[in-house]
Amino acid sequence: MLTLTLAQLNFTVGDVAGNVQKMIAAAHRARDDGSSLVVFPELSLTGYYPGDLLEEPTFLDRIDAGLAELRSASRQLPQLHWVVGAPLRREGPGKRLENSLIVLHAGEVVLRYAKQLLPTYNIFDERRHFEPGPDVAKVLRVGHAQVGLLICEDGWNDEGADYRVNPFERMRDAAPDLVISINASPSNIGKREQRHQVFGDASKRHGLPILYVNQIGGHDQLVYDGASFAVEPDAGVVFEAERFVEDLRTLRFDNGRFLTLNGDAPPPVSRDGLPMMAFYQAQIVLGLKDYARRCGFHQAVVGSSGGIDSALTLALAVQALGPQNVMAVTMPSRFSSAGSVDDSVTLCRNLGIELATHPIADLVAGYGAQFAQSFGRPLEGLPLENLQARVRGTILMEYSNSFGHLLLTTGNKSEISVGYCTLYGDTNGGLGLLGDLYKTEVFALSRHINEAAGRELIPSAIIDKEPSAELAPGQRDVDSLPPYPVLDEILKLLIEGNRLAAWEYAEATAFVDGLQAADEGRALVERIRQMIARNEYKRRQAPPIIRVRARAFGTGRQMPIAAKY
């Protein structure tokens, strides 16, 4: 029998000293639970992913100092083995670092393993900094158990689809009693179920029980949901840690089975994850909470237009930061409807947040008059519309600079895709909460938040009104764009394609194929394709957005600006 503790913790990228202290505290708790082994996630020493910090000599020195401190701490807990993820120096040709796993025991490194499969796709770029490890299996005896060790991507190629090397084959030949995989697996819709499928299949195929330990927390665009789990060859997933929170859990492993500390079978694991909208809500809230905390912000400000995007952004910000830490600013122009201002008042009252009013009509008029005087041409049409957005963006940045609030941008994925946004205006901000949600999902998530709260946080008047930027008389989004239910299906196929869930891909494909049966539909799809391409320059200059889907704008979609499509 082996007693082990999985440490699903929220590490901060670059904070080696802070991460070391978290690990030491967790190790003491594991010792108190009677564990022989404590397991930390991938790159737990540095947080995942440190990026080009790895090219800084002083950062590598901090890593060395952190490892020395961990060795010293392990010497004080001689009954405990520590599985730690860290970047380690290597000799020989190629990159000078490996994405490594070490096992510490009584102050000594008793095992070192280098990650063999380095992902370089979507949001990952590990080959930029690391050299792949050799095709070997590493197994260590801990107590009466033979424990095999893998790092994240090493466990994702059991069907040989992406790499020529399959580390599970070597692991099967080594025949350990238990395989432990340490991970930094970012979350997106459907990812939990995908992990269960991939590692469940590998466990069954090779007859190997597996413990999968993941990190949690928000890091820039990415959010890690934890959801660490244990899988047995015949039973499948038998244990799962909490999602979106730190979870330090001690299990027993006895004769091929995972048990609780009391010797009972763990509670049954639900096959179904969170409903889609509940998942979006949890992911975005954690992403904002950690982004603000790590960047030193305690409060946020949002421009409240009376529309659905700003309303949802405010509701999510309140959940993440608390109503006392969220400020809304309404900035009516001569084109703003009285209803929009009233809706902002109702929204902020429902959320319990302060609403400030900063009219922009005189500012816009002053800009326009000076522009005409200086350049001999009046501001009208699109330039006048953009001016209003930029005046609002400037006011919000002034507020952020003056009061220290994090400005949250409110654009959704549909509008960002086709450039229905203004650079240096409504794209201003430090973080976007909705940039990976299509407009139809914005409506659905708003309704979900009201349902979950059991009351109307976001007024139905906002949810039901026809979308409009209110930058011109009688303006409606459908004057420039197809209806969002149509636009979103086209965008899903063009942006995410086969990275969509199977059901979503089938729906989008069928919808777009139906559209393209007619000349008008083919022309519409091509127009949207060109709008996506033409507006890459805007997305390149926009703030980071919290990723919730398999392919988000940012590091997960790298497209050229000056190119012919």
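# Asking a predicted model how it knows

Modeller: Let's start with the open sheet of five strands, ordered β18-β17-β16-β19-β20, with parallel pairing. Keep in mind that this is a predicted model.

Biologist: What makes β18 and β20 the edge strands?

Modeller: Each of them pairs on one side only. β18 covers residues 354-357.

Biologist: And how do you know that β19 and β20 are paired?

Modeller: Count the bridges. Two strands pair if there are at least two bridges between them, and two bridges join β19 (residues 406-409) to β20. So the pair meets the rule, and the two strands run parallel. To find one of the spots by eye, look at T409, whose bridge partner in β20 is G432.

Biologist: Which helices lie across this part of the model?

Modeller: Helix α5 (residues 276-295) lies across β19 and β20, at about 150° to β19. Helix α6 (residues 308-321) lies across β16, β17 and β19, running at about 160° to β17.

Biologist: I clicked on G429. Where does G429 sit?

Modeller: In the loop between α10 (413-418) and β20 (431-432). Leaving aside residues up to four places away in sequence, G429 touches M397, L407 and P543.

Biologist: Why is G429 called partly exposed?

Modeller: Its relative accessible area is 28%. Buried means under 20% and exposed means over 50%, so with 28% G429 falls in between and counts as partly exposed.

Biologist: Okay, on to the other sheet. What is the strand order there?

Modeller: This open sheet has six strands, in the order β6-β7-β8-β9-β12-β13, and its pairing is mixed. The edge strands are β6 (138-142) and β13 (236-240), each pairing on one side only. Direction ignored, neighbouring strands here are turned by 25° against each other on average.

Biologist: What makes you say the buried residues of α4 line one face?

Modeller: The buried residues include R195, F199 and A202. Looking down the axis of α4, the buried residues fall within an arc of 165°, so they line one face of the helix. There's a general point behind this: an α-helix has 3.6 residues a turn, so residues three or four places apart point the same way.

Biologist: What do the buried residues of α4 pack against?

Modeller: They pack against α3, β8, β9, β11 (222-225), β12 and β13.

Biologist: What makes R192 and E193 a salt bridge?

Modeller: Their closest N and O atoms are 3.1 Å apart. The cut-off is 4 Å, so the pair counts. R192 is buried, with a relative accessible area of 3%, while E193 at 30% counts as partly exposed.

Biologist: And why is D64 with R89 on the list?

Modeller: The closest N and O atoms of D64 and R89 are 2.4 Å apart, within the 4 Å limit, so they form a salt bridge too. D64 lies in helix α2 (residues 57-75) and R89 in strand β3 (residues 81-89), so the pair ties together parts that are 25 residues apart in sequence. D64 counts as partly exposed at 35% relative accessibility, and R89 does at 40%.

Biologist: What makes D32 exposed?

Modeller: D32 has a relative accessible area of 56%, and exposed means over 50%, so D32 passes. D32 forms a salt bridge with R31, the closest N and O atoms being 2.8 Å apart. R31, at 29%, is partly exposed.

Biologist: How many salt bridges are there by this rule?

Modeller: The count comes to 36.

Terms used
Residues numbered from 1 in each chain as written. Predicted model: local features only at pLDDT ≥ 70, side-chain atom pairs only at ≥ 80, totals over all residues. Heavy atoms only, no water. Helix = DSSP H or I, 4+ residues; strand = E, 2+ residues; numbered from the N terminus. Axes fitted to C-alpha atoms, helices over the stretch in contact; angles between N-to-C directions. Buried < 20%, exposed > 50% of the residue type's maximum accessible area, 1.4 Å probe, protein only. Arc of directions from axis to C-beta. Contact = heavy atoms within 4.5 Å. Salt bridge = Lys/Arg side-chain N within 4 Å of Asp/Glu carboxyl O.
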